[in-house]
Amino acid sequence: MHHPNNGAVRLAEYLRENGIPHKAAGAALGVSGPTIHDWLSAVKRPRAHVRRVIAIWTRAAVSEDSWLTDEERAAIGDAEPYRATGTG
């Protein structure tokens with residue numbers, strides 16, 4: 001499954017639906033308006049800790065995982081069989 005701009009699309013929808021300008025979103029998230037524009041244009045992706053802030057700020061309308069690349073999703077999938085189960 002291909003998710004090239006899922007986070008960007010979800011964030012754009014959230015901003016549009018809530019009437020939030022890029023500059024205001026940037027102020028709320030601790031980044032500049034141009035950085036918001038870069039995220040929405042898929043020029044850049046937010047750093048991992050900022051993805052969490054976005055998820056909290058949007059009340060999970062934009063999840064942390066929505067920004068993952070196909071390669072990152074595959075790596076996570078490859079690691080799943082090795083997840084600690086707590087059974088020692």
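Biologist: How many helices and strands are there in the protein chain?
Modeller: The protein chain has five helices and zero strands. Helices (H or I, at least four residues) and strands (E, at least two) are DSSP runs, numbered from the N terminus. The model is predicted: local features need pLDDT of at least 70, side-chain atom pairs count only at pLDDT 80 or more, and totals for chains, interfaces and linings use all residues. Residues are numbered from 1 along each chain as its sequence is written, and side-chain values use heavy atoms, with hydrogens and water left out.

Biologist: What pattern does the chain follow along the sequence?
Modeller: The pattern of the protein chain is α-α-α-α-α. Its C-alpha atoms fill a box of roughly 50 × 25 × 20 Å, taken along the principal axes.

Biologist: And what share of the 88 residues is buried?
Modeller: Buried residues account for 27% of the 88. Buried means under 20% relative accessible area, exposed over 50%, and partly exposed in between (1.4 Å probe, protein chains only).

Biologist: Which residues touch the most other members of the largest nonpolar core?
Modeller: That core has 13 residues, and L11, L15, I36, W39, I54, V62 and W67 touch the most other members. A nonpolar core is a set of buried Ala, Val, Leu, Ile, Met, Phe, Trp, Tyr and Cys residues joined through side-chain atoms within 4.5 Å.

Biologist: Which elements give two or more residues to this core?
Modeller: They are α1 (6–17), α2, α3 and α4 (48–57). The element that gives the most is α1, with four residues.

Biologist: Turning to packing, at what angle do α1 and α3 pack?
Modeller: The angle is about 125°, and the axes are 8 Å apart. Axes are lines fitted to C-alpha atoms, for helices over the stretch in contact, and angles run from 0 to 180 degrees between N-to-C directions. The two helices are therefore oblique to each other. Angles under 35 degrees count as roughly parallel, over 145 as roughly antiparallel, 65 to 115 as roughly perpendicular and the rest as oblique.

Biologist: Which residues meet there?
Modeller: A8, L11, A12 and L15 in α1 meet I36, W39 and L40 in α3. By class, this contact has seven nonpolar, no polar and no charged residues. Ala, Val, Leu, Ile, Met, Phe, Trp, Tyr, Cys and Pro count as nonpolar, Asp, Glu, Lys and Arg as charged, and the others, Gly among them, as polar.

Biologist: What about α2 and α3, at what angle do they pack?
Modeller: Helix α2 (residues 22–29) and helix α3 (residues 33–40) pack at about 100°, with axes 7 Å apart. That makes α2 roughly perpendicular to α3. Here H22, K23, A25, G26 and L29 in α2 meet G33, I36, H37, W39 and L40 in α3. The contact of α2 with α3 has five nonpolar, four polar and one charged residues.

Biologist: Now V62: where is its place, and is it buried or exposed?
Modeller: V62 sits in the loop between α4 and α5 (70–79). V62 is buried, with a relative accessible area of 0%.

Biologist: What does V62 touch?
Modeller: Not counting residues up to four places away in sequence, V62 touches G7, R10, L11, Y14, I54, A55 and W67. Contact means heavy atoms within 4.5 Å. V62 and G7 are 55 residues apart in sequence and 6.2 Å apart in space, C-alpha to C-alpha.

Biologist: And T58, buried or exposed?
Modeller: T58 counts as buried, at 2% relative accessibility. T58 also lies in the loop between α4 and α5. Leaving aside neighbours within four places in sequence, T58 is in contact with L11 and Y14.
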